[in-house]
Amino acid sequence: QGERPENETDKGLRIADKGYLNTAVMRSEITYIDGEAGILRYRGYPIEQLALHSNHLETAYLLLYGSLPTKDQATLFEEEVLHHGVVHSDAEQFFRSFRYDAHPMAMLTSAFAYLGSYYAEANPSLQGMYILSSLLGWLTPGTDDILCTGQTLYTKGSPESLAIMDKQILRLIGKATTLAAMAYRVRQGRDFVTPPTGLSYTGSFLYQMDHLGQENYVPNPVLERALDVLFLLHADHELNASSTTVLQTGSSLVDPYSAIAAGCASLYGPLHGGANEAVIRMLISIGKPENVPAFLEAVKRREKVLSGFGHRVYKTSDPRSFIVRKTADEVFKVTGRDELLETAMALHDAAMKDEYFTSRKLAPNVDFCGLIYRAMGFPLDFFPVLFAVPRVVGWLAHWRQMMLQDGGVKIWRPRQIYVGEGKREYVPVDQRV
Ligand code: ACO
């Protein structure tokens with residue numbers, strides 16, 4: 001045993017908070033959760049009201065800019081998001097370069113990073129072109145903003161720099177559905193579909209996935225609205241793992257395409273965005289309702305996880321789970337009831353009566369929406385994508401808030417409690433025992 005390095009002990013109080021149970025890293029005005037009371041509000045508006053009256057893009061505007069848009073603002077925002085839905089035709093080659101059975105989340109995560117390579121403000125090698133053009137006098141004032149990335153770019157607060165930031169936001173929200181639809185179609189060996197005009201955000205997404213060359217094809221309006229409600233429910237959830245990842249990554253002042261790719265990777269895990277997929281795999285493995293008690297016993301022995309239950313913040317039912325149930329009823333009227341529904345209900349009822357789960361305050365979270373996605377015909381491994389696409393909005397809202405906060409951005413650099421060896425002397429390989 002050597003000595004402990006001095007600087008590990010002389011820095012005053014250091015808090016070891018594994019999993020950030022009690023650490024607040026931001027002041028935020030975006031989303032409010034009361035986990036004991038089961039309350040979720042976006043910018044002060046209860047999620048139940050938004051799910052009933054709003055739509056995903058209106059809610060996106062609210063989350064990003066702090067207030068509900070006027071009619072004109074809403075129309076313009078929707079037009080711009082949909083306008084940015086088109087991606088460069090090179091992206092087709094990019095998607096075709098994946099293995100035939102690549103997980104769609106792997107494709108989507110890579111695609112967000114790939115997107116950044118197209119935009120000069122995110123790609124230093126393209127910036128050379130801007131320098132050249134500006135030398136030749138081709139660019140108007142604002143070029144300085146384009147030439148720098150991160151904090152210098154955004155916190156200047158000039159109309160030009162805000163315009164660049166908002167264009168990045170429009171691009172990412174607009175192209176998220178297109179990239180996701182491309183990941184969907186390439187898996188099926190189908191050609192890609194250009195984003196249509198005249199449809200809503202979710203309508204366009206369904207069109208790009210479903211369209212098989214039929215004339216006058218329009219998505220089913222009940223399913224379109226249901227997907228829109230689910231998108232709205234998933235748009236934000238304050239500082240969950242993926243949003244925190246976006247901020248952590250963004251704090252190095254990297255471009256937002258890279259930060260969103262990092263958030264997407266974080267969401268992929270089964271404890272977070274992969275849970276909606278895990279719920280269905282769990283229900284399939286349980287099979288019939290009569291197998292539920294044996295499954296719950298295995299969970300109690302810690303041999304299995306009860307996916308779709310439990311939450312770091314909610315210690316009562318997740319308020320989104322009630323809206324998911326109502327949405328499921330509407331979807332099942334169109335698609336028919338999913339055969340796993342009986343098993344899901346038996347599992348819910350048994351767990352909610354069992355002291356093991358109630359004493360740990362484990363209740364259903366939003367991830368039972370996997371049953372709706374399954375009824376709508378989406379393949380299992382596409383479910384996390386259906387979470388990531390709407391969450392792009394929340395990621396960007398938090399990122400925008402951080403970039404514009406008073407005093408600028410400080411790089412997120414947590415400390416550790418070093419518990420390894422003290423100083424040791426190097427031993428040449430032939431002298432080691
Ligand atoms: N199944 C069985 N036991 C559970 C579950 C579960 N789903 N969730 C928590 N527990 C138990 C833990 O074992 C622990 O028991 P113990 O005190 O006897 O050791 C107790 O409940 C407290 O749980 P923690 O793990 O401390 O809770 P934490 O806040 O760290 O984890 C998490 C939250 C990751 C969501 C967890 O509940 C979980 O794994 N759930 C299943 C996966 C899931 O549905 N994730 C989606 C989350 S929501 C979202 O991202 C949309």
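Entry 1. I looked up the contacts of D367, leaving out residues up to four places away in sequence, and found A275, N276, V279, S307 and G308. Contact here requires C-beta atoms, placed from the backbone, within 7 Å. This is a predicted model, in which local features need pLDDT of at least 70 and side-chain atom pairs count only at pLDDT 80 or more, while totals for chains, interfaces and linings use all residues. I number residues from 1 along each chain as its sequence is written.

D367 sits in the loop between α18 (355-359) and α19 (370-375). Helices are DSSP runs of H or I with at least four residues, strands are E runs of at least two, and both are numbered from the N terminus. I noted D367 as buried, because 26 other C-beta atoms lie within 10 Å. The cut-offs are 20 or more such atoms within 10 Å for buried, 12 or fewer for exposed, and partly exposed in between.

Entry 2. Which residues does the UniProt annotation "active site" cover? The unreviewed entry gives H311 and D367. They span 57 residues in sequence, yet no two of their C-alpha atoms are more than 10.7 Å apart, so they gather at one spot. Such annotations may be inferred rather than shown by experiment.

I placed H311 in the loop between α15 (292-300) and α16 (319-335). H311 is buried too, with 21 other C-beta atoms within 10 Å. Setting aside residues up to four places away in sequence, H311 touches D318 and N365.

Entry 3. I counted 18 residues around the ligand, the closest being A275, L306, G310, R312 and R360. A residue belongs to this shell if its C-beta atom, placed from the backbone, lies within 6 Å of the molecule. The shell divides into 8 nonpolar, 7 polar and 3 charged residues. Nonpolar covers Ala, Val, Leu, Ile, Met, Phe, Trp, Tyr, Cys and Pro; charged covers Asp, Glu, Lys and Arg; the others, Gly among them, are polar.

Entry 4. I checked α9 (residues 159-187) against α20 (residues 383-403): they pack at about 170°, axes 10 Å apart. That makes α9 roughly antiparallel to α20, a label for angles over 145 degrees. Axes are lines fitted to C-alpha atoms over the stretch in contact, and angles run from 0 to 180 degrees between N-to-C directions. The residues of this contact divide into 12 nonpolar, 1 polar and 1 charged.

Entry 5. For the whole protein I recorded 20 helices and 3 strands. Of its 433 residues, 41% count as buried.

Definitions and conventions:
Angles under 35 degrees count as roughly parallel, over 145 as roughly antiparallel, 65 to 115 as roughly perpendicular and the rest as oblique. Two residues are in contact if their C-beta atoms, placed from the backbone, lie within 7 Å.
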